[in-house]
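Please open the model in a viewer and keep the selection tool at hand. The stops below cover pockets and then an interface.

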Amino acid sequence: MRIRANPNRMQLLRLKRRLVLAKRGHKLLKDKQEELMRRFLGMVHQARALRETVEAELAQAYRAFISARFEMDAPAMEAALASSRRLVELHADREQVMNLKVPKFTVEFPAGAEFGYGYLETTAELDRALELYAAIIPHLLKVAEMEKSLQLIAAELEKTRRRVNALEHILVPSLEETIRFISDRLGELERETATRLMKVKEIVREH
Amino acid sequence: MADDTRYAYAVARVRGMETGLLDRQWLERLLSETANGALKALSDSAYEESMADVGRPQEIERGLVLALGETLETVSAISPVPELIDLFRLRWDARNLKAHQKASFLKLEGEIGVASGVGTIDVSVLEKAVQEKDYTALPDFLAEAARTAEEAYRDRGELSVIDAVIDRAMWKHSLDTATGHRDTFLRGFFQIEIDLANVKTFARMKEANRDRADLGAAFVPGGTLELSLFEGLLGEPMDAFARALEYGRYGALTPVFREWTPERIYTLELVCDNVLLKEIEKAKTIAYGIEPLVAFIVYRQIEIKLIRTAVIAKLDGADRSDIEARLRMTHV
């Protein structure tokens, strides 16, 4: 599709500059797209493997928890879980990946914190279930971090892909077509002028 | 203790109630049903009254706590010495007191972890006592324990000290009361319970790599196994503990510690219950005495645990083998 522009040298120069810029932009965006895709594919495999691990760990912790529930009555379980004073310190930060800011989580378990329940009404299975759940927290946050990063990268990838396509299939062809049109038009004008001058010369010579 | 004819009526009643205990055949029915079916099946058993208000299997715990409360209350009412049977209910008072104290320190709203209708003291009385820090309405030993627990918590800032202080006081009171009534069976029974509690605590401490100080703080005195035995074995492999128990009263626990794996940690609860059941099997031969009454309470507690396991396993979609792996010797 041709851009509406006056066919003059000024416009031609301007459009040529735009074309150079568009091609450079296209190359840069193409490179960015490739890099994002490379990172995306690398992370997808990692995230999938990590999610599978976390799901298996969660299932194991859940089984331990249900096993604890078999042996403990509901009031004892309620009391035990309500009195836990274990703290998790979560630090949320952002990390720059190309032009994206992806989340970065770090988690710490302050030492000395207690589960806060006694030993008589609770069972070893509950200790195990809670320890398993506590051990999963860093992995769970890693999964959250990776999946959010993947979401952001995927969105950026989509945006970049649309830009690359727009440049490649719309802007660059339009500019080229318009440049070709203006060049043709200017050439035609030049030939017209030359013809007109030759005709004028011929008339002058006859007189 | 020689036959105590004061218990003639109570034992006769208990023998009658024992026929309502769930046997293997009934258990087969429970295992073959769905969670809803299991609830319906319970309505045709000795649990009919306690399950009357339970509409969904998810609420079964309410019915089970009620059933235990009814059992303890009935046995206490027919016992010529209710004070001794009430020691089993006092455990629930201690539990409720701990739950109220912790909720008060953590500023939690509502009755979290409180079971009403099982103990001897109304939960509202306990709640008021904790809120107003006025424990005069409680039995002396419990009031003293509540005050000590409060002070210990203020000093150390650890919630587990509340459990340690109140549990110790509760067990001491149980042992003293049994001794005061010259009831050697009950005293011996409590000692076994204390020993088993200490064995379980030791295993958990070892699993969590806790030190001697933690073990000492959680240890309940009064049993036949001394703290020094556990302390000496805390740094040793589990097998050493198995060897220490092998030729004693708790030899049945040996295989659990020999084949100790975190995945099979539940077998410890199972074997401890079996040790307790083995101990009260002797009660079958006692014609008159507190033994059949205690045995009935223990059987009912185990039965309730089994029903809970079966229903939760069904709600969770667990395999039949998961339930069968948790059967105590009475139902095998």
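Begin at the second largest pocket, which holds about 330 Å³ of space. Select R63(A), A64(A), S67(A), D322(B) and R326(B), the closest to its centre among 17 lining residues. Here a pocket is an open set of points on a 1 Å grid over the protein atoms alone where a 1.4 Å probe fits, with protein on both sides within 12 Å along at least five of seven lines; lining residues have an atom within 4 Å of a point. Next, colour α1(A), which supplies the largest share of this lining, seven residues.

The model is predicted: local features require pLDDT of at least 70 and side-chain atom pairs pLDDT 80 or more, while totals for chains, interfaces and linings use all residues. Residues are numbered from 1 along each chain as its sequence is written, chains are lettered from A in the order in which they are written, and side-chain values use heavy atoms, without hydrogens and water.

Move to the largest pocket, with a volume of about 820 Å³. Its lining comprises 40 residues; select R86(A), F115(A), Y119(A), A208(B) and R210(B), which lie nearest the centre.

Finally, display the interface, where 41 residues of chain B are in contact (heavy atoms within 4.5 Å) with 30 residues of chain A. Five salt bridges (a Lys or Arg side-chain nitrogen within 4 Å of an Asp or Glu carboxyl oxygen) link chain B and chain A. Select R204(B) and D127(A) to view one such salt bridge, its closest N and O atoms 2.6 Å apart.

How values were computed: Points joined across faces, edges and corners; volume = space filled by probe spheres on them. Helix = DSSP H or I, 4+ residues; strand = E, 2+ residues; numbered from the N terminus.
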